[in-house]
Amino acid sequence: MIQTLEWTQSGVVFIDQTKLPTEEVYVTCTTHQQVADAIRNMIVRGAPAIGVAAAMGIAIGVQKSKANNIGDLQKEFAGICENMGQTRPTAVNLFWAIRRMTEKFESLRSKTIPQIQQALIEESQRMHAEDIAINRAMGRHGSALMPASGGVLTHCNAGALATAGYGTALGVIRAAIEDGKNIHVYADETRPFLQGSRLTAWELMKDGIPTTVISDNMSGAMMRQGKIGAVIVGADRIAANGDVANKIGTYTVAVLAKEHNIPFYVAAPISTIDLATPDGSKIPIEQRSPAEVTHIAGKAIAPEGVGVENPAFDVTPAKYVTAIVTERGIARPPYDESLASLACDASLPTSTTR
Ligand code: MRU
């Protein structure tokens, strides 16, 4: 399995997703500031991977601390969390991870500094392992929703590279293939950052899963030609009413799917469900650099000085979402009831927000 990120003796190691698919290089972060920059600059991206990266970043910050009493360590801890929380605003998994590390830190107040350092490292590694197990569970639930054969469209990258491993939407596809289904993946290229053509296609081809890349404006035509039997995507934040924030362009795909009577599924862990946000209008949408739109691989594709919009995510209203696959089971409309009942199951950690 692809190692998206890993805790090692020398630091937190990330596969550099800005370099894929042409170069497979790894970056080692030895400070919490470097981890925050890796998240901000999308060396690591995808909501669950951002959460685990933030946890490891907090752990490395505490490990490197020179504080010699708990009061000073606590102040430093708060600063590290604050910095981490300013990296990317939409993926709620970031705030879920910060919250979980904070709760862990608070439970360790009676321990020595070396004990706290070790326990936080272990907590972040636990979150890494749990994320893979969660994705496999999601795959087991979601596999039944996938067609026995034919095309499945996905947008952005909700795969191993967006998680600690296996993936959410791509995890469901992987599980369906493991169950003997004959699926061909259509991957939207996903302008402007090209997560679909660069990352989804790369990781699926590594697994030998049949994949066709299409530019974003082709999905309607593919649906009309009968090539798409289902759509499955990930999510960065799901509001209490089932509105889904995901990569810009997801909304367009969902509307097209409805027009063609194609089921539109979302696969996301419970940590992506944000019951504190009532609906999609309250989800903060990250605005990224205009250069991502005006340039490709450093080359200008638009005249200098032109106006640019670059919202990294959009919100798909719940009415377009056929079902939401989580590690605890499948939620169906009405989502205000089904999501609350899944998220409030006390047997697993639930989502929190800042
Ligand atoms: O900007 P990105 O690449 O972090 O956006 C990622 C997505 O939109 C994914 O679909 C989402 O985080 C789910 S990942 C399992």
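How far from an oxygen atom of the ligand does a polar side-chain atom of Arg45 lie? The distance is 2.8 Å. Before going on, note that this is a predicted model, where local features need pLDDT of at least 70 and side-chain atom pairs count only at pLDDT 80 or more, while totals for chains, interfaces and linings use all residues. Residues are numbered from 1 along each chain as its sequence is written, and side-chain values use heavy atoms, with hydrogens and water left out.

**Around the ligand**

There are 19 residues around the ligand, and Arg45, Arg88, Gln195, Asn246 and Lys247 come nearest. A residue counts as near if one of its heavy atoms lies within 4 Å of the molecule. Here are some polar contacts, meaning pairs of N or O atoms within 3.5 Å:

| Residue | Atom on the protein side | Distance to a ligand oxygen atom |
|---|---|---|
| Arg45 | polar side-chain atom | 2.8 Å |
| Gly46 | backbone N or O atom | 2.9 Å |
| Arg88 | polar side-chain atom | 2.8 Å |

On its own the ligand has 420 Å² of accessible area, and the protein covers 100% of that. Such areas come from the Shrake-Rupley method with a 1.4 Å probe.

**The overall build**

The protein has 11 helices and 16 strands. Both are DSSP runs numbered from the N terminus: helices are H or I with at least four residues, strands are E with at least two. Its radius of gyration is 20 Å, close to the 20 Å that the globule rule gives for 354 residues, so the protein is as compact as a globular protein of that length. That radius is taken over C-alpha atoms, and the rule is 2.2 Å times the number of residues to the power 0.38.

**Two open sheets**

Strands of a sheet pair through backbone hydrogen bonds, either parallel or antiparallel. Here, two strands pair if DSSP finds at least two bridges between them.

Strand S2 (residues 11-15) is joined to S3 by four bridges, and Ile15 has Tyr26 in S3 as its bridge partner.

The other open sheet to look at has four strands in the order S11-S8-S9-S14, and its pairing is mixed. At its edges, strand S11 (273-274) and strand S14 (313-316) each pair on one side only. Two bridges link S11 with strand S8 (residues 237-239), and these two run parallel. Ala239 stands opposite Asp274 in S11.

Terms used: A polar contact is a pair of N or O atoms within 3.5 Å; within protein, one must be able to donate a hydrogen and the other to accept it, and residues adjacent in sequence count only if both atoms are side-chain atoms.
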